[in-house]
Every structure is written in C-alpha cells, then in structure tokens.
Amino acid sequence: MPYVKTKDGVDIYYETSGEGTPFLFLSETACDGAVWKIYQVPEFARDHRVIIFDYRGTGLSGKPSANYSTDLFADDAVAVMDQLGLEGAVVCGHSMGGRVAQLLALDHPRKVGKLILASSGAAHPGETGIPLRIAKEMVEMGYEKYVREHTIVVGWTEAYAQQHMELIEKYLKVRMANLCPVEFYFRHVLARQAHDTSGRLKDIKIPTLIFVGDDDHFVVSDMSHRAGADILAKGIPNSKLVVLPGERHSYFYTESQKVHGIMRDFLKSK
Amino acid sequence: MPLRKLKDTEIYYEVHGRGQPIVFLSETACDGEVWKIHQVEEFSRDHLVILHDYRGTGRSGKPSIDYSTRMFCDDAAALMDHVGAKKAIVIGHSMGGRIAQLLALEYPEKVDKLILASTGAAFPTTRGLPLKICQEMIEWGYEKYVRDHSILVGFTDEFTKKYPERVEKYLQVRMANLCPVEFYLRHLIARQSHDTTGRLKDIRVPTLILVGEDDRNVTSDINHRSSSEILAKGIPNSKLVVLPGERHSYFFANPAAAHKTIREFIASS
C-alpha cells in the first residue's frame, strides 16, 4: 500500500487512479479519502490522474497525538504531490478540505491549476476551540451515533433523507468504515476552528469554482456553509459561485451527476 | 427552599449557624451540597455558613448561555447582599478559588479574609474545552468520567485503597444531583477563560493558600500545585500551606487537617 512520509515524520496513505491532469480531492473534517471512491474517482479517473489520501489522524495514515492544523493537512497533501512529482492539479476540497485547498493555492501555487471549494469557508470567526454543541452531543449520543446522525442532518434535507435513505446508507457505510478514534476527530475540529484565510482570499489568483447547497444552513459552531461560501465568492477575485438547489452538505455522495457536470464545465473553461 | 431570584436566573442557597459569615465556593460544575458532609457542621458552630449552587448546577437555574467566573462572582455577591453578609471569610475550592479571587477584587468590601484552596489564577495555554476532558467523557460516559476523575484527582491511590468508604461517601453527595453535561461543559469553558494573573497584586486581604502536596494531575495545562505557587508569589498578604500526602479533595478526605489550618488562619490577625 502506498505511503509517503511527511517532513515531520507522519506516514500518509494515498491512492492514485487514471492518467491525465492531476486531480486532488480533499475530504471534510476527520474524514479519510475513501469517500471519493464511491463516485468521484470512477468519474474523473477516466481522463485525470485522481489522487486521494487520508489526512493525518484519519484512515490508514499515522495518528500522532499532537496539535493539528489546516497548514499541516496542506503539508500532508504536498508530501503526496511531491512524492508523485505533480504540479498544476485541479484541487477539489469539501468543507474543511476546502480550507486546506485554499492554503495549497496560497502557499503552494505551482501545485494548483484550478480550485474547487465545495461547501467551505474562510474562517469560523466567532468560535475557537471545541464547540460546546459538538462536545455535548457526542457525550449525550456517543461518538459513532453522533458522527452518523450529524452526517445525515448536515448532509441532506429531511425530505431527501426520507426518499433516498438507501443512497445515504451507501455513503455512511464508507464514511463510518474506518472512523478515526474520537481524539483525532477533536484534533481535526480544533484545526478547522482555528483556520483563518479571511485576509488572504484576494491572493488566490487561480480560477476558482465555489459550490454550496442552497439549504446548507446548518450551524455547528458559528457560521453556516451557505454564508461561508458567499464570503469566499466575494473575496476570491477569479471565482464563480454555483448554488445547488435543494442540496445541503453532501451532494457529492448522493447527487454526484449534478455536480460532476458543473465541475466538467468549469474544467473546460479558461 | 431558599431561592434568590437574580435578574436572569434563580440561585439556590442555604445558611447555617451564626457569627462572622463564611462563604463556601465549590469546584467546577459542583453544587453546594458537598460542604454539608463536613464543613457546615464544623463552621456553623461559630459562623454564619453560606453555601449555594452555582447557576447550571444543583437546584439553581440553568440558563443555556455563556458562563464566566465573573458571572459566578456576581451571583455570589448578590446572594451575600440578600442574606446581609458583610466582611465574610470566603473559601473557594478549585474553580471556586478563582471566583473567590474575583470577589476580593471586584467586591473588596465584602471580603475580610480569603482562603484559596487548590486553585490558580489562569490556564495559560488552554482556552475553551480541553480535548482530554472531552475525549474521556465520550469514551467513558459522562457520569463515569466525573466519578473516576473525582477519585483520580481527589485522592491518592493509598487513600482510596485504605478508606474506600470515605471516598464513596463523598461521591454519593457529589454525584447525587449531577448537572446535565451541557452545564458541566459551560462551567469548564468559564474556568478555562478565567485569568486573574495580572491582578493578584491587587488582592489586599489576608489570604491563605492551601494545596495538597500531591495535587499534580493535569487536565489542561497547569497543575494545582504549581498554580498555588503562582498565587502565593502574586498575592502580597498571603501564606501558602502545603498539606502533606493530600491531593485535591482534602476537604472531604481529611477535613480535620484542613479545618485546623483554616481555624488558625481565621484566628490570626
């Protein structure tokens, strides 16, 4: 199995499929790379070299009991890209992955050709540290049940969940299969809450597609992804915002055909 | 049951005895009941003993808002006004000692003497909910966490082995009316945000600083043994007494030793 060691000595697990322009996918908070294998890897490996990996603290990667940051997650991605000798990649980051993607574009601009920021944001201005609501619900519900139920409520509208539970279950099976120990979930949450690129958005110069579900109004700490996406669209000069009607947070895993078309149009454009 | 209605919530309190008021302030997310195991009986003989349940604990109101040690301090001050307590001896244990510092700083006219037991001025690096606490609460469950944490932090292994019934007696009271986890977490956030480091020099009342010599457990970033040294250095008119062989909960493990030290301090001028 392919691993690369980061400069601070953490083993990062990664996979690649296909040939063509590199296409790097970055997962949400405390989520490994396996979720992209349901729909995105088969779709984009047809004409790209698709790269997925597990952030430190998740999946098959190393799990040091140290402080994490979105900068370190960007370093994890850089280690994988260096190992493979890749530059000019399409980088698609979902939620916290979108924050990591912004840092790749800002601090490693040669590595990024185009940016797709899906259901993400630049900062959580009002709340640093572990949000009370997350800790409370995890204690009350238990960790696995929290992740499962939180994923559903954040991911899809009630109406969608009622009609398409089998699609959601297919995703949850992958999402929950290799769930990281709760310590690392929190280390990821702390990293996410501390991330702040608000003042640097204007320096992201590459073409950027911003995605958000029009119903992604759920707030776990202090700002919804719907509001976070508007801030990204205003701040990043060469960006385009696409609002997905009827969607919440997890359209990649249930309504992939909807977004793949938009992504392909964006990849074709100059 | 006496409830003091404040502008946004109700505070449950009890008074016992007569004499110079003594206000007891509990540790994080702990109601006032624990003082009834040993301290009320001892000190109500010649003092007006005042204990209360912090907002978020026991029988007091539990508003779902951000808490702070300043808010707990204002609750205690309002209660002291309500019962007509002036020039009190204020004994604060752990987080209660942080509130006691604020009482001496914000309401100096209310405080005659200060006893800061197993406490500190700040958690210099950890703001917000400490990861270790969240992790253990989830892995062990909330009640088991509070129980096991109280034992580990409170009593030495030798004591727990030798006197399991004393530990159980305390735990029975501590766990009887445990607050919902939301309010435990709100108390933690309040505690972690507290910082009186720069103000210790302004505490002018005679201050006794108590700490168990073995109180070295670290849940966030500084142990009570070290933070007591910081208090002793920072507060001008203070005296540090290290209790040999004790950890965090000597009020409940070895009350005789703690009471003797406290009575000597009260008697001194």
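How many bridges join strand 5 of chain A to strand 6 of chain A, and how do the two strands run? Six, between residues 89-94 and residues 112-118, and the strands run parallel.

Before going on: this is a predicted model, in which local features need pLDDT of at least 70, side-chain atom pairs count only at pLDDT 80 or more, and totals for chains, interfaces and linings use all residues. Residues are numbered from 1 along each chain as its sequence is written, with chains lettered from A and ligands numbered from 1 in the order in which they are written.

Some terms. Helices (H or I, at least four residues) and strands (E, at least two) are DSSP runs, numbered from the N terminus. Two strands pair if DSSP finds at least two bridges between them.

Chain A, then. Its eight strands form an open sheet with mixed pairing, in the order 1-2-4-3-5-6-7-8. Strand 1 (3-5) and strand 8 (239-244) of chain A are at the edges with a single partner strand each, so one side of each has no neighbour in the sheet. Neighbouring strands are turned by 25 degrees against each other on average, direction ignored; axes here are lines fitted to C-alpha atoms, for helices over the stretch in contact, and angles run from 0 to 180 degrees between N-to-C directions. Back at strand 6 of chain A, A:Val112 has A:Ala89 opposite.

Now chain B, and two of its helices. Helix 5 (residues 142-154) and helix 7 (residues 164-176) of chain B pack at about 140 degrees, their axes 11 Å apart. That makes helix 5 of chain B oblique to helix 7 of chain B, given that angles under 35 degrees count as roughly parallel, over 145 as roughly antiparallel, 65 to 115 as roughly perpendicular and the rest as oblique. Residues are in contact if their C-beta atoms, placed from the backbone, lie within 7 Å. Helix 5 of chain B contributes residues including B:Val146 and B:Ile151, and helix 7 of chain B residues including B:Leu171 and B:Met175. By class, this contact has five nonpolar, one polar and three charged residues; Ala, Val, Leu, Ile, Met, Phe, Trp, Tyr, Cys and Pro count as nonpolar, Asp, Glu, Lys and Arg as charged, and the others, Gly among them, as polar.

Last, where the chains meet. 15 residues of chain B are in contact with 14 residues of chain A. On the chain B side, helix 4 (131-140) and helix 8 (181-193) each supply at least two residues. Helix 4 of chain B gives the most, with six. That side has nine nonpolar, two polar and four charged residues.

Technical notes: Contact = placed C-beta atoms within 7 Å.
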